[in-house]
Amino acid sequence: MAGRITTVGRAEDAGPDPAEEEHALQVASRLHAFNRYELKYLVPLELAGRVRDELAERMDRDLHSPTGGYGVWSLYYDTARLRFYWEKIEGLKFRRKLRIRHYGDLAGITDESPVCVEIKQRVNRVTQKRRISLPYGTALRLCDRRELIEHGPRERAFVHEVLNLIVRLDLRPTAITGYQREALVGRDQDTGVRVTFDRRVRGRDRDFHFGTPTPENRFTIPPHLAVMEVKVNERTPYWITDLAARHNLNLVRVSKYVQSIEAFGLAPRSVFHVREENHPSPVTGQQPPAGKPPVEARVP
């Protein structure tokens with residue numbers, strides 16, 4: 001997917017030696033990294049469509065984003081005591097998450113299907129992502145079976161960092177999130193801007209294999225809401241902040257992973273939780289029943 005390529009930092013416990021670095025200049029790497037700022041908004045679906053169309057007057061559709069969007073599925077790893085979850089809740093200036101991410105439909109996924117093993121971390125206000133593209137079976141060998149996988153010289157530091165995190169913290173699969181994403185990218189002087197609209201945000205707290213047949217996904221954010229994210233390399237263009245003000249969009253601190261953890265009762269609901277009772281459906285005007293979030297409707 002689209003991202004700004006930057007230099008990848010060395011892991012604390014490993015790094016390429018000079019001979020490997022020289023050889024790496026001639027070897028294509030599967031490793032990508034980029035830094036950016038992120039702003040998030042909760043937007044009713046009918047308004048999200050109007051906002052998207054207005055943005056499209058000054059932005060282009062991402063080449064990877066077909067009409068109707070594409071699926072994004074992420075398997076998050078955490079400790080038994082949910083260390084990464086609590087780091088997010090407590091707002092630590094340095095925090096991170098480990099996940100396996102698949103773009104597209106999960107139907108027919110195999111061990112050869114491409115996925116990304118990704119470390120997403122926050123340093124003060126900057127979001128940093130580092131990831132490596134791997135076949136799904138290889139990613140599971142690294143993250144579940146804790147095996148040192150085959151890798152190129154320029155990927156060595158990152159692979160060792162992932163393996164060190166998993167073994168040292170005893171990370172395990174904890175939650176899956178999924179949603180349908182539409183993406184726009186800036187043009188001309190705004191080429192570093194990316195805006196995404198994520199709808200039908202759902203997840204599960206079991207059946208962690210992406211190929212699980214008929215899994216029971218549940219909505220973790222009310223299905224009549226979309227999560228709009230503005231992602232910039234440096235500063236947000238004035239015309240986007242003006243647009244947000246005109247449509248009365250308010251910044252929110254929302255995490256799809258945190259939302260899943262709390263929706264399934266793995267941790268108490270925090271002050272940042274998107275509470276269903278605060279967002280009644282505009283169709284029925286009714287609050288959903290208390291308890292587990294509603295099961296995702298089966299879509300052919």
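User: Which residue takes a positive phi in the hairpin of β7 and β8?
Analyst: D188, with phi near 55 degrees; this hairpin has six residues between the strands. Strands here are DSSP E runs of at least two residues, helices H or I runs of at least four, numbered from the N terminus. The model is predicted: local features need pLDDT of at least 70, side-chain atom pairs 80 or more, while totals for chains, interfaces and linings use all residues. Residues count from 1 along each chain as its sequence is written, and side-chain values use heavy atoms, without hydrogens and water.
User: How many bridges between β7 and β8?
Analyst: Nine, antiparallel. Two strands pair if DSSP finds at least two bridges between them. V185 sits opposite R194 in β8.
User: And which strand does β8 join over six bridges?
Analyst: β10, residues 225–232, also antiparallel. T196 has E229 in β10 as its bridge partner. β8 also pairs antiparallel with β9 over two bridges, where G203 faces R218.
User: Why is β8 called largely enclosed?
Analyst: Because 10 of its 12 residues are buried; buried means under 20% relative accessible area, exposed over 50%, partly exposed in between (1.4 Å probe, protein chains only).
User: New topic. Which residues touch the most other members of the largest nonpolar core?
Analyst: I100, V117, L142, V162 and F210, out of 30 residues. Such a core is a set of buried Ala, Val, Leu, Ile, Met, Phe, Trp, Tyr and Cys joined through side-chain atoms within 4.5 Å.
User: Which element gives the largest share?
Analyst: α5, with seven residues.
User: What lies apart from that core?
Analyst: Another core, of 20 residues, including Y41 and W239.
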